[in-house]
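Thank you all for coming; I would like to walk you slowly through one structure today. Please have a look at it first, and then I will take it piece by piece.

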Amino acid sequence: MTGIVYKSTGSWYTVKADNNQIYDCRIKGKFRMKGIKSTNPIAVGDVVDFEIDETSDAITGSIHHIHDRKNYIVRKSVNLSKQTHIIASNIDIVFLIVTINNPITTTSFIDRFLVTAEAYHIKAVLLFNKIDTFDEAMSGEQLFLQHVYTQIGYDCLRVSAKNGSGLDQLKEMMQGKVCMFSGHSGVGKSTLVNALEPTLNLKTKEISDLHQQGQHTTTFAEMFDLTFGSKIIDTPGIRGFGIVDMEKQEIKGYFPEFFKLEDQCKFNNCLHKDEPNCAIKKALEEDKIAWSRYRSYLQILEGDEEQYRNDIYAEGRNLDLE
């Protein structure tokens, strides 16, 4: 039988078969060891072949084959730098949920996520959530961030799961697609899914008052069918987003605003760091490229995971986006 993985708990996989029946499945035999280097050989969104276990009292199955993935999004654990984890696969569009505070989403986190989406050919949209809580300063900060990323070419949408702002437009963007919601714990992923599809009634928690950080409510990635013709993958909150190994020369290609200008650099292999007559550094000086983006690029280029860890664990931030 063939089906789609709707939930992964690490040892059991919930698979929706072509006949719309739901089966709890395990990996068959030594399948786990066959050339798969991630912590999870099978991810939500995977199309798999499985066999029904006739010897079990419960209706369970054994997965013996994964179909080729159209794409997937993967991250390297910030704490376990040698481990990679496939968040989800076969995605049409990914929505990164961004909050200005409560909790804070840093530009370095946003940029790392966008670089990964670019690398794996997945359309990414920034969802600025909780706009109902903004004061004048927060609104100004959010609009500036939106301007930065819109200028690059990313779609941005202001939404509020609490009062419904922007949800109709969001539904239009999701129509007929397999979508993934991602972001820090506490940015409102599950609350937003509930606002889009109230019958799901996913668990939510309030932000920790002590640290202004989210509390994990989604433990495992899970896909849901929505009544307006979309599928949504709700993912656990992630605090840091470690970049999976990339060649230095390819990283610049995942910054669209760099890619548009790099043919104007003096050297074809310019890394936009120390080379003379660099079009990217010239654009920086002319305020045509955001300094926050360039700093993110350098951090990824230099493999500065330690500084990134310090950034994401630090309380507060200074965007310094002049």
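How many disulfides does a search of the whole structure find? The search finds 0 disulfides, where a disulfide is a pair of cysteine sulfur atoms within 2.5 Å.

Residues are numbered from 1 along each chain as its sequence is written, and side-chain values use heavy atoms, with hydrogens and water left out.

The pLDDT is the predictor's confidence in each residue, on a scale from 0 to 100. Its mean over the protein is 84, and 81% of the residues reach 70 or more. Over residues 206–218, however, pLDDT stays under 50, and for this stretch the model has 33 contacts beyond four places in sequence, a contact meaning heavy atoms within 4.5 Å. Residues 315–322 also have pLDDT below 50, with 18 contacts in the model beyond near neighbours in sequence. Where pLDDT is low, the predicted coordinates should not be read in detail.

Now to the overall picture. The protein has 9 helices and 13 strands, which are DSSP runs numbered from the N terminus, with H or I and at least four residues for helices, and E and at least two residues for strands. Of its 322 residues, 50% are buried, and among contacts with a separation of 6 or more, 63% are between residues 24 or more positions apart.

Let me turn to the strands around S5, which covers residues 60–66. Strand S3, at residues 22–27, runs parallel to S5 and is joined to it by 4 bridges; two strands pair if DSSP finds at least two bridges between them. Isoleucine 27 has isoleucine 63 of S5 as its bridge partner. Strand S4, at residues 47–52, pairs with S5 in the antiparallel sense over 5 bridges, and there glutamate 51 stands opposite serine 62.

In the loop between S5 and strand S6, at 72–76, we find histidine 67. Is histidine 67 buried, exposed or partly exposed? At 29% relative accessibility, it counts as partly exposed. Leaving aside neighbours within four places in sequence, histidine 67 is in contact with Thr2, Val47, Val48 and Asp49. Valine 47 is 20 residues away in sequence, yet the two C-alpha atoms are 5.5 Å apart in space. With the side chain of aspartate 49, the side chain of histidine 67 makes a polar contact of 2.9 Å, that is, a pair of N or O atoms within 3.5 Å, of which, within protein, one must be able to donate a hydrogen and the other to accept it, residues adjacent in sequence counting only if both atoms are side-chain atoms.

Next come the helices. Helix H1, at residues 107–119, is largely enclosed by the rest of the structure, because 12 of its 13 residues are buried. Just after H1, histidine 121 takes a positive phi of about 60°.

Helix H8, at residues 291–301, contains arginine 293, and this arginine is buried, at 1% relative accessibility. Beyond its neighbours within four places in sequence, arginine 293 has several contacts, including Asp111 and Leu114, which are themselves among the buried residues of H1. H8 is mostly covered, with 9 of its 11 residues buried, and just after H8, glycine 303 takes a positive phi of about 65°.

Finally, helix H4, at residues 189–196, is also mostly covered, with 6 of its 8 residues buried. What covers those buried residues includes strands S8, S9, S11 and S13, together with helix H3.

Methods
Predicted model: local features only at pLDDT ≥ 70, side-chain atom pairs only at ≥ 80, totals over all residues. Buried < 20%, exposed > 50% of the residue type's maximum accessible area, 1.4 Å probe, protein only.
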